[in-house]
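Dear colleague,

I am passing on to you the structure below, which I understand you have not worked with before. Please look through it first, and then read on for an account of what was found in it.

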Amino acid sequence: MKAEKTRFDEMDLSRYDFINEDEPAFRVEKGLNETVVRTISKEKDEPSWMLEHRLRSLKTFYKVPLPVWGPNLDELNLDEIITYSRPDSGMNESWESVPEGIRDAFDRLGIPEAEKEFLGGVGAQFDSEVVYHKVRKEVAGQGVIYCDMRTALREHEALVKKHFMRLVPPSDHTFAALHGALWSGGSFVHVPKGVKVSIPLQSYFRLNAEGAGQFEHTLIILEPGADLHFIEGCSAPRYSVINLHAGCVELFVGEGARLRYSTVENWSKNMMNLNTKRARVEKNGSIEWVSGSFGSHISMLYPSSLLVGEGAHSEFTGISFAGKGQILDTGTKVIHSSAHTTSSVNTKSIAKNGGHCITRSEVIITKAALHSKATISCESLMLDSESRSDTIPAMDIRSEDADIGHEARIGRISDKAIFYLMSRGLSEGEAKELIVRGFAEPIAKALPMEYAVEMNTLIKMEMEGSIG
Amino acid sequence: MQSDLLQINALTVTLEDQTPLLNGIDLTVKKGEVHVLMGPNGAGKSTLGNVLMGHPDYRVRAGSIRFDGQDVTLLSTEKRAKLGMFFSFQNPEEVSGITLENFLRTAKSSITGIEENVFIFNLKLKKIMESLHMDPLYAYRHLNVGFSGGEKKKSEIVQLLALDPRLAILDETDSGLDVDAVRIVSQGIRQFHTPENSLLIITHNTKILESIPVDRVHILVKGSIVASGDVSLIKTIEEEGFAPFVGMGGEVDES
Amino acid sequence: MSRIQRASLKIQTLPVLTWRHLQMNGCELDVSFEQAPFLPSDALLALEKEALLQRIPSLSPEGQKEEIRNSESNDGDQSLTSFVRKNANAGYQVEIAEGDTRTTPLVLDYLLDEGNPTLIETLVVDMQPGSSATLIKGLRTSSVGLRSFHAGSTRVHVGQGANLTLIQLRFLSEGATDLDQLSVTLGEHASFSLVEIVVGDAHSYIGTHIDMQGNASECSIGCMNVVDKEGSSDFNFHVEHKGEGTNSTQLVRGALLNSASKLFRGTIDFHKGCNKSKGSEDEYTVLLSPAVKNRSVPLILCAEEDVEGEHAVSSGRLDSNALFYLTSRGIGEKRAKRLLVEAQLYPILALVSDKEVLAEIEEQLFRRLDSHGY
């Protein structure tokens with residue numbers, strides 16, 4: 001009797017379980033142990049259920065193995081990370097320790113003095129308080145709750161408890177578990193029924209010293225019919241001595257609600273960006289991801305959409321630009337588990353100077369997702385032969401009448417296009433930059449103007465190879 | 001009543017999401033008659049043609065369609081074809097992997113219920129194509145693949161003559177054709193037209209009607225028939241365009 | 001007295017892994033089969049049209065040509081190949097001499113039946129420079145439900161300016177397990193065409209690794225996959241562009257009926273230095289039943305700037321506009337669907353010029369479509 005170890009099993013939506021009984025991935029010398037976690041929780045004055053959640057996550061962290069796929073994460077120095085995560089650690093270095101390239105970038109991007117220090121990981125607090133409070137007040141008038149996670153835990157405990165790490169459970173993967181134990185800081189937004197939030201909310205406004213954003217948790221809840229545009233991150237390079245960013249973003253999009261989540265990510269080149277973002281979309285709701293990845297040494301970023309309600313919709317537009325020494329492994333996942341759901345994915349990647357771009361995607365159509373439609377389009381641009389670009393899409397379709405179309409293209413900037421632009425007076429470098437900017441245009445279009453302008457500047461700097 | 005070939009009564013049609021398209025259409029075509037349906041772009045003319053043939057994207061919300069006394073409102077597309085209805089498409093599909101000849105022979109066999117003799121059918125087809133000045137070798141090319149606009153339209157008329165239906169609904173058969181092609185297509189239409197066969201010609205251009213005897217003209221604006229009259233209506237449109245009729249239609253999406 | 005043998009195999013591994021939960025990274029199979037006599041009995045070989053096909057008396061490396069042996073290291077999957085080497089009970093090798101261009105195809109047919117339900121075979125093809133040939137390899141089962149096992153390892157070397165067309169036919173019924181690994185190396189200006197025809201209800205795992213070492217070499221894979229009942233097809237095509245100016249195309253067309261499933265893994269792999277190379281992948285599978293499972297992982301790996309790579313994968317129902325066109329001409333819905341399914345498969349059928357083979361493929365195909373009322 002032959003038995004196959006791997007069979008084509010029915011996809012179980014909640015099946016993200018990686019736990020096994022093998023040796024733990026990390027042996028931590030300096031000790032990520034209960035004590036550290038308890039101290040963190042105490043310092044934040046958290047309710048007991050949160051402390052228990054942290055402790056459970058810690059246990060899970062030791063059991064879940066690192067992924068077998070993707071970039072090599074050997075450079076991760078967990079001990080140092082743990083040390084610096086302790087609330088009593090002195091994280092602030094001096095301005096001189098910030099790499100020169102980064103300091104220059106701040107100037108090029110026109111970052112105000114006040115922000116520079118914070119972004120350089122030197123300042124304890126970024127004085128955007130004024131802006132932040134102004135925005136808070138304006139949307140509060142609409143009934144919107146917009147505050148940091150610490151405040152949310154204090155003032156809206158029930159709401160937080162109901163949703164916190166339900167979408168991304170600690171058992172999901174190693175860094176979700178680590179996040180569950182060490183999370184600190186982040187934004188909380190709750191939009192009541194039918195409210196269209198008048199201005200885009202930005203995580204950038206209310207950054208503070210808490211964890212300096214390393215283990216930020218963003219939780220956004222949209223009641224039925226609500227509408228919000230949220231912007232995460234900023235174009236300026238963010239430097240930190242802790243080289244891991246293991247944040248988590250959980251988005252709950254209610255019936256008929258609409259959420260646009262934009263990110264421009266430019267962590268400095270010593271960072272490992274292992275952020276987990278997931279959205280759950282109810283009936284007729286829609287999520288729109290807009291994502292620009294420019295920074296980090298290693299990135300593993302896959303915003304995911306779970307289309308659980310009929311007629312739910314997901315859209316993903318993203319660009320990643322990998323330069324020297326960067327491995328950007330990004331993409332998206334969409335799971336259609338209800339009828340009449342639709343999704344579209346549009347990714348672009350650029351690899352240069354030995355950079356490595358990996359575009360990884362997953363589209364799953366379960367048996368229940370009748371009359372669903374998914375289109376995926378991936379375009380990759382190679383600017384030289386030192387770099388690498390890989391496209392790894394996967395499709396799993398279990399419904400007969402679903403309509404899936406996927407296409408991908410890889411290549412270089414056409415010589416004809418360069419010649420044409422040069423014949424109009426541009427230098428080769430300028431021509432290439434213009435073409436690359438055109439390549440990134442769909443993303444620029446979806447961002448608020450200041451971000452779009454900054455993104456173009458970023459591209460310019462990346463093309464010159466001048467960011468540190 | 002027996003002489004009525006096509007009877008459309010109070011036909012109201014929407015898309016699945018309730019977007020209105022046609023509003024209370026009344027139209028009767030007797031045997032041997034030639035009716036013309038005209039109107040500005042977006043009025044719903046092609047939609048009516050597709051609905052008469054049972055296109056799955058449209059929903060009949062009220063009213064009925066009767067063909068030769070039989071209610072076909074909910075009948076499947078192929079059954080309507082078998083009863084003798086034919087629809088010539090504005091933008092015929094290209095279907096590679098099936099030759100025009102094979103396709104037509106399969107269709108003919110399906111309609112009559114008798115397997116067509118390959119040899120005899122090929123001869124018949126060749127004759128039809130030659131009478132329309134169409135290279136008979138096109139019969140062995142894949143259905144409409146790589147055909148020019150004019151060749152596609154001719155292919156539709158070839159099919160009309162080969163399948164020998166009773167009612168031919170022609171959607172913009174003349175659009176995009178040069179003068180010679182229009183002449184040939186008109187000839188094909190005349191060949192088809194007998195005291196037993198009827199035509200419903202959908203067009204917004206009057207050129208093709210010059211050589212065909214028209215019995216009745218209907219103007220469709222925004223999903224409703226706003227005027228019906230005899231052949232002199234065509235002259236009015238030639239002189240004044242659709243302007244006098246626009247603004248008379250119902251509440252229907254023009255897209 | 002036949003003994004039941006077992007083995008654990010690791011096959012169909014993706015060159016670059018993806019998320020584990022998708023279960024697409026590779027296959028770990030435990031297989032069991034009846035031990036079969038070493039040399040093939042005549043019953044195994046239904047037809048041997050050409051004297052050029054020599055039986056491999058022993059399957060040791062000495063019995064094979066030097067170049068072929070060197071190409072062993074290019075094998076994408078050591079596991080199946082070593083399994084076949086250890087357990088083979090049949091094997092053929094063929095060498096087409098320099099400049100020899102033959103128009104009559106070589107035919108190698110295997111039949112799995114009650115007396116010989118196990119076939120573990122190897123095939124070695126050496127195309128000398130400037131030669132050209134077509135080889136048709138068929139794999140069939142004699143009866144429905146027969147528990148049979150096939151594992152095959154084929155090595156092909158196509159020398160400079162040479163040209164090989166390999167047509168692999170698989171008409172296997174329920175109860176058959178079919179594992180196959182094909183490794184091909186191409187010299188300069190060499191070309192290789194693979195036509196892979198799978199029509200059946202068996203479980204097939206077909207791996208193909210093409211190493212385009214030679215500049216200006218070309219390869220094309222045309223695969224038609226029609227699976228019925230509880231059958232499954234698992235393809236792993238890995239095309240490596242190493243030489244300059246190399247070209248590859250992968251065209252996969254299929255239909256899934258009943259509770260069948262399919263996993264297509266196709267990789268276009270551009271190595272640094274393969275300037276001016278082009279690779280494309282096009283896969284379309286029609287799903288004709290609510291219980292089917294359709295999975296695809298089309299990879300493009302690229303380390304060279306001056307290339308063009310593209311792929312298109314689509315799945316789902318038949319084009320509703322095309323369907324309407326056909327039914328509007330009086331063709332019944334099921335018949336119209338069948339015409340469209342046939343139209344989809346047509347580009348692959350067009351690659352088979354041998355009339356007898358084409359007739360057999362059509363018979364197998366039509367029988368299955370007929371049985372489902374199409």
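To begin with the contact between chain C and chain A, 55 residues of chain C touch 57 residues of chain A. Please keep in mind throughout that this is a predicted model, and that the values below are computed from it.

The size of an interface is often given as the accessible area lost when the parts come together. For chain C and chain A that buried area is about 5000 Å², with 51% of it on carbon and sulfur atoms. On the chain C side, the residues that lose the most area to chain A are C:Trp19, C:Arg20 and C:Glu305, which together account for 17% of what that side buries. Across this interface 3 salt bridges are found, and one that you can look up directly joins the side chains of C:Asp306 and A:Arg412, at 3.6 Å from N to O.

Chain C also meets chain B, in a contact that takes 18 residues from chain C and 31 residues from chain B. Here the area buried is about 1900 Å², of which carbon and sulfur atoms give 67%. In chain C, the residues losing the most area to chain B are C:Phe324, C:Tyr325 and C:Arg329, and together they make up 42% of what that side buries. The count of salt bridges between chain C and chain B is 1, and in it the side chain of C:Arg329 meets that of B:Glu156 at 2.9 Å, N to O.

Over all chains, a search of the whole structure finds 50 salt bridges. Among them is a pair within chain C, C:Arg140 and C:Glu360, whose closest N and O atoms are 2.7 Å apart. This pair links distant parts of the chain, since C:Arg140 lies in strand 8 (residues 132–141) of chain C and C:Glu360 in helix 5 (residues 355–371) of chain C, 220 residues apart.

Two packed helices are described by the angle between their axes and the distance between the axes.

In chain A, helix 2 (residues 48–63) and helix 9 (residues 174–182) pack at an angle of about 150 degrees, with their axes 7 Å apart. Angles over 145 degrees count as roughly antiparallel, so helix 2 of chain A and helix 9 of chain A are described in that way. Helix 2 of chain A passes helix 9 of chain A in a left-handed crossing. Helix 2 of chain A contributes A:His53, A:Arg54, A:Ser57, A:Leu58, A:Thr60 and A:Phe61 to the contact, while the residues from helix 9 of chain A include A:Ala177, A:Leu178 and A:Ala181. By class, this contact of helix 2 of chain A with helix 9 of chain A has 6 nonpolar, 5 polar and 1 charged residues.

In chain B, the axes of helix 5 (residues 149–163) and helix 6 (residues 179–192) come within 10 Å and cross at roughly 15 degrees, and these two helices of chain B are therefore roughly parallel to each other. Their crossing is left-handed. Among the residues in contact are B:Ile157, B:Leu160 and B:Leu161 of helix 5 of chain B, together with B:Ile184, B:Val185 and B:Phe192 of helix 6 of chain B. The residues of this contact divide into 7 nonpolar, 2 polar and 1 charged.

In chain C, helix 3 (residues 320–327) and helix 4 (residues 333–349) have axes that come within 9 Å and cross at roughly 125 degrees, which makes helix 3 of chain C oblique to helix 4 of chain C. The crossing of these two helices of chain C is right-handed. The contact is made by C:Ala322, C:Leu323, C:Leu326 and C:Thr327 of helix 3 of chain C and by C:Glu333, C:Ala336, C:Lys337, C:Leu339 and C:Leu340 of helix 4 of chain C, with 6 nonpolar, 1 polar and 2 charged residues by class.

With best wishes

Conventions:
Residues are numbered from 1 along each chain as its sequence is written. Chains are lettered from A and ligands numbered from 1 in the order in which they are written. This is a predicted model: local features need pLDDT of at least 70, side-chain atom pairs count only at pLDDT 80 or more; totals for chains, interfaces and linings use all residues. Side-chain values use heavy atoms; hydrogens and water are left out. Axes are lines fitted to C-alpha atoms, for helices over the stretch in contact, and angles run from 0 to 180 degrees between N-to-C directions. Helices (H or I, at least four residues) and strands (E, at least two) are DSSP runs, numbered from the N terminus. Angles under 35 degrees count as roughly parallel, over 145 as roughly antiparallel, 65 to 115 as roughly perpendicular and the rest as oblique. A crossing is left-handed if the near helix is turned anticlockwise from the far one by less than a right angle, and right-handed if clockwise. Contact means heavy atoms within 4.5 Å. Ala, Val, Leu, Ile, Met, Phe, Trp, Tyr, Cys and Pro count as nonpolar, Asp, Glu, Lys and Arg as charged, and the others, Gly among them, as polar. Buried area is the accessible area (1.4 Å probe) that two parts lose on being put together, summed over both. A salt bridge is a side-chain nitrogen of Lys or Arg within 4 Å of a carboxyl oxygen of Asp or Glu.
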